[in-house]
Amino acid sequence: MHRVGSAGNTNSSVRPRKEKRLTYVLNDADDTKHCAGVNCVTVLKSSSSEKDYLFTGSRDGTLKRWAVSEDSATCSATFESHVDWVNDAVLAGENTLVSCSSDTTLKTWDSLSKGTCTRTLRQHSDYVTRLAAAERNSNVIASCGLGGEVFIWDIEAALTPVSKSSDATEDEGSNGVGGSGNSLPMTSLRPISSSNSITSHNTQSHGYAPTVAKGHKESVYALAMNDTGSVLVSGGTEKVVRVWDPRSGSKTMKLRGHTDNIRALLLDSTGRFCLSGSSDSMIRLWDLGQQRCVHSYAVHTDSVWALASTPTFSHVYSGGRDLSLYLTDLATRESVLLCSKEHPIVQLALHDDSIWAATTDSSVDRWSADGRNPQKVFQKGGSFLAGNLSFSRARVSLEGSTPVPVHREPTLTIPGTPAIVQHEILNNKRHLLTKDTAGSVKLWEITKGVIVEDYGKVPFDEKKEQLFEMVSIPSWFTVDTRLGCLSVHLDTPQCFSAEMYSADLSIPGKAEDDKVNLARETLKGLLSHWLSKKKQRVGSQASSNGEVLPGKDITSRSLANSRVEVDGSAENDSIIYPPFEFSTASPPSIITEGSQGGPWRKKITDLDGTEDEKDLPWWCLDCVLHNRLPPRENSKCSFYLHPSEGNSFQILTQGKLSAPRILRIHKVVNYVLEKMVLDKPLDNLNPEGTFAPGLGGGPLQHSALGDGSFRSGPKPWVKSRNTIEILCNNQVLSPEMSLATVRAYIWKKPEDLILNYRIIQGK
């Protein structure tokens, strides 16, 4: 597991300001499939004749529940709240699903619901890598992570409702993103960015604190507990297996033998025997009573990442980085290759006579495993004797005697969506080109969250060159594909730097020269459902209480934190323009956080209008509710307008001119024509007119050329036979080019832009 900035990381150190980030995740049209590697699988056996359930947790940040039969698996629920990879999940208590994530949290869910998160447990200081559950003591689970912490949780106690008389009653509904029965209360208000100290874990919001097992100095990757919850084992980068009494958190022993990171652990039901898998490619069997390794098995040729045992602990299934799934008899050391995969195996789960394998791919396979009678597998032949030294297995592999797999095809595959692995933001800053693991290249429209075109399997770089446009628009968003899909990040104030004319966006009914702020309209599109729900709630409250729409606290906060300018060019309305309408069939999800509760994730159509500044960044609310944008830098472009050599006429200019970056060259042409033919220059018009005197009146007059010039259309003299050409660096400019484009692609210098004009005699 690599330490990579998560999609929900709202306090990145590369940004000068610590304002909260808003991210929207563009979900695939088929929301019933994972779109990134599956990190965990766990089975819920039905007590009746109903279908069994399989739960999967993915690097796409979601968990899914599948109703499984002999020949099919149907997605019956998606569990969405984590803001980073889901790394593990276990079943505990009465129908409680517990998951852990790289977002440093554990979350509990009603496993039979449509995806209700019942609580968020914030205790770890870093990625939470693994969970362990006690089957017969269903309330006890343990968690471990990269921060070196190991916690033992009593889930029943952790889920006890907060007393209304407690000081922490606000935590019961924290995040406000749950709505009807879906609130996400926390057990700790410590922010993710808090100290890594693990000594003070008693500051819980409602009095519950997990038991702490202190001792690991480095990252912990593996965890296991016996059925009764009386023995806990853990391992990680320290290469030792630590044994704990989970009831007290005290250390009982430390087992040495592996020469690399420990990645997987298993305990038998009694807690007497332990199996460990390591990056040294070895599987070891430990007798905890004798405190020693009694057997080692050289089966794999690379890291062992996953272990699962038969109910009697007589055989072990193992998978890992070598793409292979083996079955080994622990007593006779006989091994057989069950199957070979195309991707590394990260977790296994036995299900009657089958075994589910989760890999770094987005699909999940079920293989025949004869779990209740594993000797059947060996009767099919192809077995070999596992050595006890890692190099013996490697040597056999090099000699070419690789075993033949027993099974060529799985008995069932739950398909996933290919993960996006490559992306490029195009110059127009609205379209983005992606390539997925299947090699398909697609063009996305970021402001609508849709695929504009699927090009199929074509060379990515060639398609990127074909789509090149000579246009310069500020970078107003960033993108990553860590979750296997597109996560689009908006950070203030940078996100408000990009504007376009409504004509370029083909917005019907809007004046062509109206400026449209891309981030503002995108936020309006993302939060349109929330806003309509909020207005419904406020309307019903106002009718009974006479109250007005809340926003006083947001106003004072925004005015106190920065200079604020009202977007005067856009109406303060809730109209969503067509280029910013997000799909309700496959709506994007929002990842963000407000002033309380930490990061959260939810589909935009699941927002219920109760979310406020505690849940959403104040600057987003300021923009959508009050039409206020932060001050934007570099929205203007300074330039000089000089006659070309040999030109027979001049116009009256006032030195350096200033105009919006998006101003088109044809506006400059109109300006030259007006100055050329009118008897009296229009020096006194305001910036929304054609020309205005500069500020300060220094030796160099600095004039502002407004982009609202000549809205009434061409003057009669524009239609004369004489035309004006504008040049830069002796290159004639297209009338449709913007000043920013000329500066970026033609001028290419840090100094102020110099434009030349000349008259072309008509025929």
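Strands are DSSP runs of E of at least two residues, numbered from the N terminus. This is a predicted model, in which local features need pLDDT of at least 70, side-chain atom pairs count only at pLDDT 80 or more, and totals for chains, interfaces and linings use all residues. Residues are numbered from 1 along each chain as its sequence is written, and side-chain values use heavy atoms, with hydrogens and water left out.

Select strand 26 (345–351). Strand 26 gives the largest share of the lining of the largest pocket, six residues. On a 1 Å grid over the protein atoms alone, a pocket is an open set of points with protein on both sides within 12 Å along at least five of seven lines, whereas a cavity is a set where a 1.4 Å probe fits but cannot get out; lining residues have an atom within 4 Å of a point.

The largest pocket holds about 1600 Å³ of space. Next, select Thr42, Glu135, Leu266, Ala349 and Leu350, the closest to its centre of the 49 lining residues.

Move to strand 22 (304–309), an edge strand of an open, antiparallel sheet with the order 22-23-24-25-29. Strand 22 also gives two or more residues to the lining of the largest pocket. Five bridges join strand 22 to strand 23 (residues 315–320); select leucine 307 and its bridge partner, serine 318.

Finally, select Asp28, Thr417, Pro418, Ile420 and Trp444, which lie nearest the centre of the largest cavity among its 15 lining residues. This cavity holds about 130 Å³ of space. Strand 32 (431–436) and strand 33 (441–445) each supply at least two residues of its lining.

Note on methods. Pairing = 2+ DSSP bridges. Helix = DSSP H or I, 4+ residues; strand = E, 2+ residues; numbered from the N terminus. Points joined across faces, edges and corners; volume = space filled by probe spheres on them.
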